[in-house]
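Please walk through this fold with the model open beside the text.

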Amino acid sequence: MKHPAPDNDHLGEFLISARSFTEYRAIFALSDADLHGRILDCPGGAASFTAEASALGATVTAADPVYARRPDELRRLAIAETDRGSSWVAAHSTRYRWDWYGGAHRFRAMRHAAAHRFGVDLLEHPNRYVATELPSLPFPDDSFDLVLSSHLLFTYADRLDAHFHLTAMLELARVCVGETRLYPLVDHIGRQLGDLVAYLRKELEDKGIRTSLRETSYEFHHGAHTVLVLN
């Protein structure tokens, strides 16, 4: 799907992000016990979480429509998208807190390392990467003990409506026997989405899915220090 070219407040096309295992662990407050079950990362993008967590013994599946691309093309795209994302963040640096990363240079270096690790794992273990997209996943009910979903829902609320959010969350909950954790609860320019969060929580709870808000010590966008948990 194509979108208008970026301007001061619009990122453009959906960004294929390359976050690291360390970032995931901070964002989702992942414990050692969390890494013992079956984990779904959706959307996985070009993150190295699947590679790094699997190397520690976890059983991880990453799901993203971008995995339908040829591996060599996707590896190049991951680096290009890392540069696009890093340039966006640097150009809008006042919207972010830099204490966790220690500055834009380290941020870019961390993301590049993650993109490279992703590319290697994609070639060596292609079975870990499933080409599919929300709101319809090809996994049976209760396939995973933990589902992690970051930087799609809420992040792109300017183009994904409330119905999509609800349908996607119901699908993530369907394939998860344990917790589904979603982050952040702000859009890509840092706007708080309290009304949308409240609406979705009510709809989910009306359908029998419990929800809670959990604080995380990770905060990049100012005020984005809350994870939405479904169980």
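**A buried loop residue**

Phe-154 has 0% relative accessibility and so counts as buried. Buried means under 20% relative accessible area, exposed over 50% and partly exposed in between, with a 1.4 Å probe and protein chains only. Phe-154 sits in the loop between S4 and H5. Helices (H or I, at least four residues) and strands (E, at least two) are DSSP runs, numbered from the N terminus. The phi of Phe-154 is near 70 degrees, a positive value in a residue other than glycine.

This is a predicted model, in which local features need pLDDT of at least 70, side-chain atom pairs count only at pLDDT 80 or more, and totals for chains, interfaces and linings use all residues. Residues are numbered from 1 along each chain as its sequence is written, and side-chain values use heavy atoms, with hydrogens and water left out.

Ala-29 also has a positive phi, near 50 degrees, and is likewise a residue other than glycine. Ala-29 lies in the loop between helix H1 (21-27) and S1. At 47% relative accessibility, Ala-29 is partly exposed.

Now the sheet. Seven strands form an open sheet in the order S3-S2-S1-S4-S5-S7-S6, and the pairing is mixed. Two strands pair if DSSP finds at least two bridges between them. Strand S3 (129-130) and strand S6 (211-215) are the edges, each pairing on one side only. S1 (residues 38-41) and S2 (residues 59-63) run parallel, joined by 4 bridges. Within that pair, Ile-39 has Val-60 in S2 as its bridge partner.

What lies across S4, S5 and S7? Helix H5 (residues 162-174) does, covering strand S4 (144-150), strand S5 (176-183) and strand S7 (226-230). H5 runs at about 140 degrees to S5. Axes are lines fitted to C-alpha atoms, for helices over the stretch in contact, and angles run from 0 to 180 degrees between N-to-C directions. Contact means heavy atoms within 4.5 Å.

S5 is largely enclosed by the rest of the structure, because 6 of its 8 residues are buried. S4 and S5 run parallel, with 6 bridges between them. Leu-146 stands opposite Glu-179 in S5. The chain passes from S4 through H5 to S5, a right-handed β-α-β crossover. Right-handed means that, with the strands pointing away from the viewer, the path from the first strand over the helix to the second runs clockwise. S5 and S7 run antiparallel, joined by 3 bridges. Here Arg-181 stands opposite Val-229 in S7.

Next come two cis peptide bonds. The bond from Cys-42 to Pro-43 is cis, with omega near 0 degrees. Pro-43 lies in the loop between S1 and helix H2 (49-55). A cis bond also joins Leu-134 and Pro-135, with omega about 15 degrees. Pro-135 is in the loop between S3 and S4.

Last, the rings. The structure holds 19 aromatic pairs. Rings of Phe, Tyr and Trp (its six-membered ring) pair if their centres lie within 6.5 Å; planes under 30 degrees apart count as stacked, over 60 as edge-to-face and the rest as tilted. Phe-139 and Phe-144 pair edge-to-face, 5.2 Å centre to centre with 90 degrees between the planes. Both Phe-139 and Phe-144 are buried. Ring pairs also link a cluster that includes Trp-98, Phe-107 and Tyr-183. Ser-86, in helix H3 (residues 71-91), is in contact with Phe-107 and Arg-108, leaving aside its neighbours within four places in sequence.
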